[in-house]
Amino acid sequence: SKLHPDWLAGEPMRTWFNDGATAELVRATLGPALANSLVVPLMKLDATVYAFQYLGLAFDLLIPFLLVIRRTRYLAFALATMFH
C-alpha cells in the first residue's frame with residue numbers, strides 16, 4: 001500500500017501530522033515547551049512528511065532482504081518487531 005500514489009504524495013502522513021489531536025498528543029508527551037518550539041512546527045513541514053513517507057517505504061522494502069542475510073537477520077527481526 002506504500003507504493004500507492006496517495007502515499008507517495010504524502011497522504012495520510014500529512015493528514016496525521018496536521019491533525020490537532022496529534023499535536024495535542026505530542027504536547028502531552030514531550031511537554032508544551034519542546035513540542036511548541038520544535039516538534040509541532042517540524043510536523044507541519046512538507047520535508048518532514050516526505051522524510052517519514054520515504055523512510056517508511058525504504059524500511060518496508062529492505063526488511064525482507066535483511067531477514068534473508070544471516071548476518072543481519074537478528075537485527076532486522078528486532079527492528080521489524082519494534083516497528084510493528
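**View 1. The whole chain at a glance.** This protein has six helices and zero strands, where helices (H or I, at least four residues) and strands (E, at least two) are DSSP runs numbered from the N terminus. Read along the sequence, the pattern is simply α-α-α-α-α-α. What you see is a predicted model, in which local features need pLDDT of at least 70, side-chain atom pairs count only at pLDDT 80 or more, and totals for chains, interfaces and linings use all residues. Residues are numbered from 1 along each chain as its sequence is written, and side-chain values use heavy atoms, leaving out hydrogens and water.

View 2. Along its principal axes, the C-alpha trace spans about 45 × 30 × 20 Å. The radius of gyration is 16 Å, while a compact globule of 84 residues would come out near 12 Å. That radius is taken over C-alpha atoms, and the globule rule is 2.2 Å times the number of residues to the power 0.38.

**View 3. The largest nonpolar core.** Nine residues make it up: W7, M13, F17, A23, V26, A35, V40, M43 and V49. A nonpolar core here is a set of buried Ala, Val, Leu, Ile, Met, Phe, Trp, Tyr and Cys residues joined through side-chain atoms within 4.5 Å. In soluble globular proteins, nonpolar side chains tend to be buried together.

**View 4. W7 meets Q53.** Skip the neighbours within four places in sequence, and W7 is in contact (heavy atoms within 4.5 Å) with S1, K2, P12, M13 and Q53. Now look at Q53, which sits in helix α5 (residues 46-68). Q53 counts as buried because its relative accessibility is 1%. Leaving aside its own neighbours within four places, Q53 is in contact with W7, L8, G10, E11 and M13.

View 5. P12 lies in the loop between α1 (5-8) and α2. Both partners have turned up already, E11 as a contact of Q53 and P12 as a contact of W7.

Terms used: Buried < 20%, exposed > 50% of the residue type's maximum accessible area, 1.4 Å probe, protein only.
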